[in-house]
Amino acid sequence: MTDSKILHEEFRNRFGTDGMAYAAPGRINLIGEHTDYNGGFVFPGAVDKGITAVIKPNGTTVVNLYAIDLRQGCTFDIADPTGPSTTHFRYVYGVVRELTDAGLDVMGFDAVYGGDVPLGAGMSSSAALECCFAFALNDLFNGTIDKMTLARIGQATEHKYVGVKCGIMDQFASIHGREGALMRLDCRSGEYQYFPWHSKGYRLVLVNSCVKHELVGSPYNDRRASCERVARIAGVDTLRDCTWEKLEALKPQLSDEDYRRARYVLGEVDRVLEVSKALERDDYETVGQQMYLTHKGLKEDYEVSCEEIDFLVDEAQRLGVTGARIMGGGFGGCTINLVKDDLCDSFLKEIQQTYRTHFGIDCQPIPVVISSGTHRI
Ligand code: GLA
């Protein structure tokens with residue numbers, strides 16, 4: 001997390017007073033990818049990287065933002081009906097609008113913020129930004145909005161102000177994270193459960209491919225549209241309620257592409273349950289196998305992987321890593337790897353070398369610690 005001392009200092013220099021500091025984390029996801037908007041299960045955990053903001057109400061109707069990493073500022077009125085055009089600032093603008101719509105009396109404020117979630121890595125830097133501001137403004141303007149609603153406010157911001165029809169996983173994880181625990185969320189019922197991550201002899205390691213092929217949100221939205229089409233034809237709310245039998249029966253009516261998208265989702269819902277059971281008996285070999293199967297599905301059926309990521313997953317398998325797969329929305333970003341402690345150093349050394357030889361660019365291991373959710377510092 002960005003050191004809040006630096007932010008406090010910048011805040012004082014810019015606004016001549018002191019503000020309150022808040023932090024919101026990015027996330028990893030063990031398994032359960034592209035299942036959230038299908039009413040399925042996800043298995044995320046918050047990490048020790050995120051967004052930190054120093055904020056103070058200023059008694060006006062104007063919001064003054066300064067993003068320290070971008071060295072860029074932005075000012076808008078809380079009643080402005082269109083808001084800033086820069087995507088980055090639209091996240092905060094959207095949160096302000098959504099909180100207002102939820103009944104919170106948001107007034108003007110000053111803020112300085114920064115973060116250390118690698119951008120485009122699939123670790124939800126944007127959810128961290130949304131959750132940081134949603135949580136902080138609810139706190140500073142004496143709101144009583146519950147945590148799940150704050151997460152939904154972040155999600156609605158993506159939908160309405162940025163144009164990405166994301167599910168709830170990222171914002172849920174950022175708000176609800178707990179030190180040392182992964183969470184299994186049932187995205188249909190909203191019920192969740194903490195799973196202490198006592199990975200005896202194993203580590204979760206991210207490897208950032210440092211490539212991002214998705215230029216806008218549209219391939220993501222296309223996947224979602226495919227799933228919704230199949231659900232409509234199957235007569236269910238979401239694919240979570242579509243059985244294997246029903247999907248097979250509908251196959252002749254579906255495009256090959258839509259069929260494969262749905263086949264991946266049904267498989268992934270099953271895999272999360274398989275992994276939950278395996279974790280209860282500390283069976284990490286099964287967890288790892290399911291991760292490889294998820295990757296295969298994301299590559300072949302859901303088609304959200306890319307050459308660089310496939311290479312990282314294949315190399316992980318060749319080097320004896322227990323489980324590996326693409327993590328997050330896809331089209332680049334990170335792999336998540338379940339690695340035996342004693343293999344970790346040699347795996348990372350080797351994969352960095354072979355990746356550089358193959359693609360002429362560096363991949364980047366990202367060490368993460370499972371940490372607490374959004375909070376006031
Ligand atoms: C992105 C979205 C999430 C989720 C993942 C894929 O991170 O924001 O809602 O759909 O992709 O699992």
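Me: Which strands form the open sheet with antiparallel pairing, and in what order?

Reply: Strands of a sheet pair through backbone hydrogen bonds, either parallel or antiparallel. Here the order is S2-S7-S8, an open sheet of three strands with antiparallel pairing. Its edge strands are S2 (41–42) and S8 (192–196), each of which pairs on one side only. Strands here are DSSP runs (E, at least two residues), numbered from the N terminus, and two of them pair if DSSP finds at least two bridges between them. This is a predicted model, in which local features need pLDDT of at least 70, side-chain atom pairs count only at pLDDT 80 or more, and totals for chains, interfaces and linings use all residues. Residues are numbered from 1 along each chain as its sequence is written, and side-chain values use heavy atoms, with hydrogens and water left out.

Me: How many bridges join S2 to S7?

Reply: Two bridges join S2 to S7 (residues 181–186) in the antiparallel sense. Val42 stands opposite Leu185 of S7.

Me: In what order do the strands of the mixed sheet lie?

Reply: The order is S5-S4-S6-S3-S1-S13, six strands in an open sheet. S5 and S13 (375–376) are the edge strands, each pairing on one side only.

Me: How do S4 and S5 pair, in the parallel or the antiparallel sense?

Reply: S4 (residues 62–67) and S5 (residues 72–77) pair in the antiparallel sense, over six bridges. Within this pair, Val63 has Phe76 as its bridge partner in S5, while Asn64 stands opposite Thr75. The hairpin has four residues between the strands, and Arg71 there takes a positive phi near 50°. On the S6 side (residues 109–115), S4 runs parallel and is joined by five bridges; Val63 stands opposite Phe109 in S6.

Me: Where does the ligand sit?

Reply: A molecule sits in a pocket if more than half of its atoms lie within 2 Å of the pocket's grid points. The ligand sits in the largest pocket. On a 1 Å grid over the protein atoms alone, a pocket is an open set of points where a 1.4 Å probe fits, with protein on both sides within 12 Å along at least five of seven lines.

Me: Which backbone atoms lie by oxygen atoms of the ligand, and at what distances?

Reply: A backbone N or O atom of His34 lies 2.6 Å from a ligand oxygen atom. The corresponding distance is 2.9 Å for Gly167 and 3.3 Å for Gly329.

Methods
A polar contact is a pair of N or O atoms within 3.5 Å; within protein, one must be able to donate a hydrogen and the other to accept it, and residues adjacent in sequence count only if both atoms are side-chain atoms. On a 1 Å grid over the protein atoms alone, a cavity is a set of points where a 1.4 Å probe fits but cannot get out, and a pocket is an open set with protein on both sides within 12 Å along at least five of seven lines; lining residues have an atom within 4 Å of a point.
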